[in-house]
Structures are given as C-alpha cells and as structure tokens.
Amino acid sequence: MKYLMEKVKEQVLMGNACYLVALIESEGSTPRSSGAFMLVNKNGFVAGTVGGGGMEYAAVLEAQKKLVEGETKSFLKRYDLTTAAGIACGGYCSLQFCYLPAIQETDMLAEYILFRLKGKYPWWLLIPLGEGDIRVEEGLFIKKHKGFYEQDGKEYYAEQYNYDGRVFIFGAGHVARELVPLLSHLGFKCVVIDDREEFAKPEVFPTAHKVLLADYTKLNEVCKLNCMDYAVVMTRGHVHDANCERFLLTTPVPYIGVMGSKNKAKLARETLLSEGYSEKQLARIKTPIGLDIGSETPAEIAVSIAAQLIEVRSKR
C-alpha cells in the first residue's frame, strides 16, 4: 500500500487521473485473495497486482478504456475465470475500480494514508462498492481484519492496517541488508538494532521503520516488544546472541528466531542453561531460523526467514 500511495501522488503530480483497482471478493481457484490492489492510468498499468494473468490484463484494459473515454465514475465489475471465459483458473472474482482524479484531494488522501501507515495504531481502509469515495476510519467492528461493512447506507470492502506487530532485527549485517527490504515489501515494519555505529545507519536501511544503535546488554533501555511483535537475532557472535536472547525471554514476544550455525546456537544455549534458564524457557527460541529451503547466500537466507514470518503471520 505504501508503494501504491506514493505512485498515486506521483500520478497526481503528472496530471494523470487513475483507477485504483481492488480485488474485493473471489471464489474458486483465483490467483489472489481479497485485499490485492493495482493502479492504472490512461497509458495502462502503473503498479501493484490483482493476480496477474488474463483477468488482470482485462482489468487494465477496462480501466485504461474508461480513462481514455473520460469516464469519472467508480464502478464494480465481476469477472468469470472459468474455461468458458477462456481463463483456466476457475472461479469468479469481483474488482472495484475506484476513480482517482488528478486533483489536490487525491494527493491529500494518498498523503494521509501514508501518514497512517507510519503510525503505531490500527486503522481501516474503506473501498466503496460501486460509486463512492475511498475512506479511512478507526474502530470498526468486524470479526476479521478484512470484510464487508455498511456505513450510512453504503456498502464498503474494509481492510485493517497496522494491526500486526513489528519485526525487531538484532544485527545489521549482510543478511539483514537483504532481509529488511524484502520484509518491508511484504508489509512488515522492521526495526534494525546493532551495537556498531558503522552498521546502524538509517541510510543503509531506507525501508526500515527505525534503525537503532544500542548496547546488546542494555536492550531494555531502547526496546519494548509486545505480544504482536517478532524478534530476529542475527548478531556477529554467540555472546551477543545470548545477550539478545536474555532480553527477549523477558518479553511477551511470541516469535524469537535466531540465525547461525548449530555450534553458534549450541554455545548460546549452553550459556543460558548454565545461568539457570530452563528448557521450557529456551523452547521459545527457534533456531535455526527460517524455512528449510536449502538456502546458502544472504539473499537466500533472507527469503527463508521471510517465508517463515509470512507463515507465522498467516496463522495469527
């Protein structure tokens, strides 16, 4: 969403009206679930995706055609993805085409959404079904993080943002440099922490939510993790790993993943056991971190860690 809103602002500056296309409902073997977005201007695709393939191509052409013809209304359209329609996925999906004129109000909406994305508190994005305007609301009563909602006699597709926790990454080495942009692209807010000034630099991690310089023995002074957060430990040695683990075991964070060799993990574990930590306490620590996909390079390891965090997030 952050990237899309930046693109909306860019299109407004260029004087291009757009359609923000939202996948709001799907049935059968559709390529994406609800909550996927795509931006289209009169020249065609700009950014995002609602699933790819023939359906997405048809949606791009539909939006492009409307813009070229000077259409200024939002509308809802249902797509047949069965073989009868020449698409092999099977099923149906509904796309909402939200018209965004190249005016100050559109720029302000995008800027406000970007502002809310930077915040700590949950909020809802309301996409109108049919005609209507995109809205931002708080405190909606919906059982899940997305669904349909009626307000003032108008039906919306509602999706909640900022309900998930942050990913605290302890260690700003090679893997962290690969991991942070990947996690940021996947919608995770990353907080990078290192005790070396030359590593803890915001310019090295431009997509991170925060970059902190901190002593690993004094993490309680700079970090406060809650039950929605994630912790990824990838420091340069088992002594620093153990320092991070001591701190993390005092927090309610449900996911503690530690990167490293079996020997490095063993040394950190033996240190903590010798200090009186129980097997039950240490069972909270997942090591080696990441899904087992045979990863070796920093980029591959980052993919395996990201995949595991996606898995954990999806089960919440």
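Predicted model: local features only at pLDDT ≥ 70, side-chain atom pairs only at ≥ 80, totals over all residues.
Residues are numbered from 1 along each chain as its sequence is written, and side-chain values use heavy atoms, with hydrogens and water left out. Local features need pLDDT of at least 70 and side-chain atom pairs count only at pLDDT 80 or more, while totals for chains, interfaces and linings use all residues.

The structure holds 14 salt bridges, each being a side-chain nitrogen of Lys or Arg within 4 Å of a carboxyl oxygen of Asp or Glu.

Select Lys2 and Glu6. Their side chains form a salt bridge of 2.8 Å, N to O. Both residues sit in helix α1 (residues 2-13), four residues apart, about one turn of the helix. Helices (H or I, at least four residues) and strands (E, at least two) are DSSP runs, numbered from the N terminus. Glu6 is partly exposed, at 35% relative accessible area; buried means under 20%, exposed over 50%, and partly exposed in between (1.4 Å probe, protein chains only).

Next, select Arg116 and Glu138, whose side chains meet in a salt bridge of 2.9 Å, N to O. This pair links distant parts of the chain, 22 residues apart: Arg116 is in helix α3 (residues 104-118), and Glu138 is in the loop between β7 (135-137) and β8 (146-151). Arg116 is buried, at 10%, whereas Glu138 is exposed, at 52%.

Move to Arg269 and Glu279, joined by a salt bridge of 2.3 Å, N to O. Arg269 belongs to helix α6 (residues 262-274) and Glu279 to helix α7 (residues 279-282), so the pair ties together parts ten residues apart in sequence. Arg269 is partly exposed, at 34%, and Glu279 is partly exposed, at 48%.

Finally, select Lys9, Asp107 and Glu111, which salt bridges with shared partners join into one network.
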